[in-house]
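Hi,

Here is the structure I promised to pass on to you. Have a look at it first, and then read my notes below.

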Amino acid sequence: MGGLRQGHLHPSYHHAASTLGVEAAIGEEGWLNPVVAFAKPFRMPDFFLIAGLFLARAIDRDWRHYLDKKVVHYVYFYILWLILNFAFKAPSMATELGWGGVGELFLLSFIEPFGVLWFIYVLPIFFVVSKLTRRFPWWSVWLVAAALQIAPINTGWMVIDEFASRFVYFYTGYIFAPQIFRLAQQAIDRRWLAGLLLVGWALSNGALVFTGLALLPGISLALGLAGAAAVVAAASLLSTSDLMAPVRYCGANSIVLYLAFFIPMAATHEVLISLGIVTDIGLMSVIVWVVASVVPLILFWTVRNTWFRFLFERPRWAYFPDRPTRLAPAE
């Protein structure tokens, strides 16, 4: 599979969240902002495309099994980490909203996804829609999904807007999985050609981003697909090096990072800002990103053989069909 396997999701989402979070708190941009801007066209398209790559293995299973793996699984982690995030943020939110407002916001989070957990909320929707439409000609579903991405849909409701904007990438990963895996292998087999194409892509992506053209309808879709393909090729090239073992481990446990990065990220940038020891915004963003990446893995290793493993492993009572004989790790 050219170095790609289920769960290999790149860390750019929480890197961007760390950078933008620090900049928002301080009110200034740092030297990492152009990096985040460069990655914006493909950061989430890549996430959803890879999430759809392995759907073909499960989509024809019976509904009970499918809903358990593709819906209940994510609902469990969304609710759990929603509670944990609210427990962390509630005191500060209460100073602005009051405790009644905090309670209202918590209840609203079951309809309107809360902050960084929005992708956990929309993934089950993508899985269900894909299964419901699996008897339709794939090209008709893809064209509708592409039209939704291109259309200027901005209702103000995150679920609707993100579905319209992101589903095409998820569905592309599902439909074109064989071609994507072939691309990954060809990148390894033809390294020099892959390297040259990646340089050309990077120059084109950067030019369109920094001229403002990347936001135009149609171009944003093309850049999302091209960027996702570039990430697949680059990840495949890097996967052949033993030096990338830590990155591969992070990719294999990416759900741990995506679930647990927010609290250490928020705590770290608050501490750094209050202490005033680090004044460079870019350096502060890097520190926050590193802490937000390392702490979830430390937490995962600490709790994985304890009662607290429910943070990253779905317990038996949280299964929809018959209970399995062992806990299922976060996927």
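Helices here are DSSP runs of H or I with at least four residues, strands are runs of E with at least two, and both are numbered from the N terminus. Keep in mind that this is a predicted model, where local features need pLDDT of at least 70, side-chain atom pairs count only at pLDDT 80 or more, and totals for chains, interfaces and linings use all residues. Residues are numbered from 1 along each chain as its sequence is written, and side-chain values use heavy atoms, with hydrogens and water left out.

Let's begin with Thr268, which sits in helix α12 (residues 262-275). Is Thr268 buried or exposed? With a relative accessible area of 14%, Thr268 is buried; the word means under 20% relative accessible area, while exposed means over 50% and partly exposed is in between (1.4 Å probe, protein chains only). The Thr268 side chain reaches the backbone oxygen of Pro264 at 2.6 Å. That is a polar contact, meaning a pair of N or O atoms within 3.5 Å; within protein, one must be able to donate a hydrogen and the other to accept it, and residues adjacent in sequence count only if both atoms are side-chain atoms. If you set aside residues up to four places away in sequence, Thr268 touches Ile287, Val288 and Val291, where contact means heavy atoms within 4.5 Å.

Now the whole chain. There are 13 helices and two strands. Of its 331 residues, 48% count as buried. Among contacts with a separation of 6 or more, 77% come from residues 24 or more positions apart.

Where does α3 bend? The bend is at Leu97, and it is about 110 degrees (the angle between axes fitted to the seven residues ending there and the seven starting there).

Leaving aside neighbours within four places in sequence, Leu148 is in contact with Ile153, Phe163 and Ala164.

Next, salt bridges (a side-chain nitrogen of Lys or Arg within 4 Å of a carboxyl oxygen of Asp or Glu). How many are there by this rule? The count comes to four, and here are three of them:

- Arg134 pairs with Asp60, with the closest N and O atoms 3.4 Å apart. This pair links distant parts of the chain, since Arg134 is in the loop between α4 (118-132) and α5 (138-150) while Asp60 is in the loop between α2 (33-52) and α3, 74 residues apart. Arg134 is partly exposed at 26%, and Asp60 is exposed at 57%.
- Arg314 pairs with Asp68, with the closest N and O atoms 2.8 Å apart. Arg314 lies in strand β1 (residues 313-314) and Asp68 in helix α3, so the pair ties together parts that are 246 residues apart in sequence. Both Arg314 and Asp68 are buried.
- Glu162 pairs with Arg166 at 2.9 Å, N to O. Both lie in helix α6 (residues 158-175), four residues apart, about one turn of the helix. Glu162 is buried at 16% relative accessibility, and so is Arg166 at 18%.

Last, the nonpolar core: a set of buried Ala, Val, Leu, Ile, Met, Phe, Trp, Tyr and Cys residues joined through side-chain atoms within 4.5 Å. The largest has 50 residues, and those with the most contacts inside it include Phe48, Trp81 and Phe312. Elements giving two or more residues to this core include α2, α3 and α13 (281-303), and the largest share, 13 residues, comes from α3. Not counting residues up to four places away in sequence, Phe48 touches several residues, among them Trp118, Phe126, Arg166 and Phe170.

Cheers
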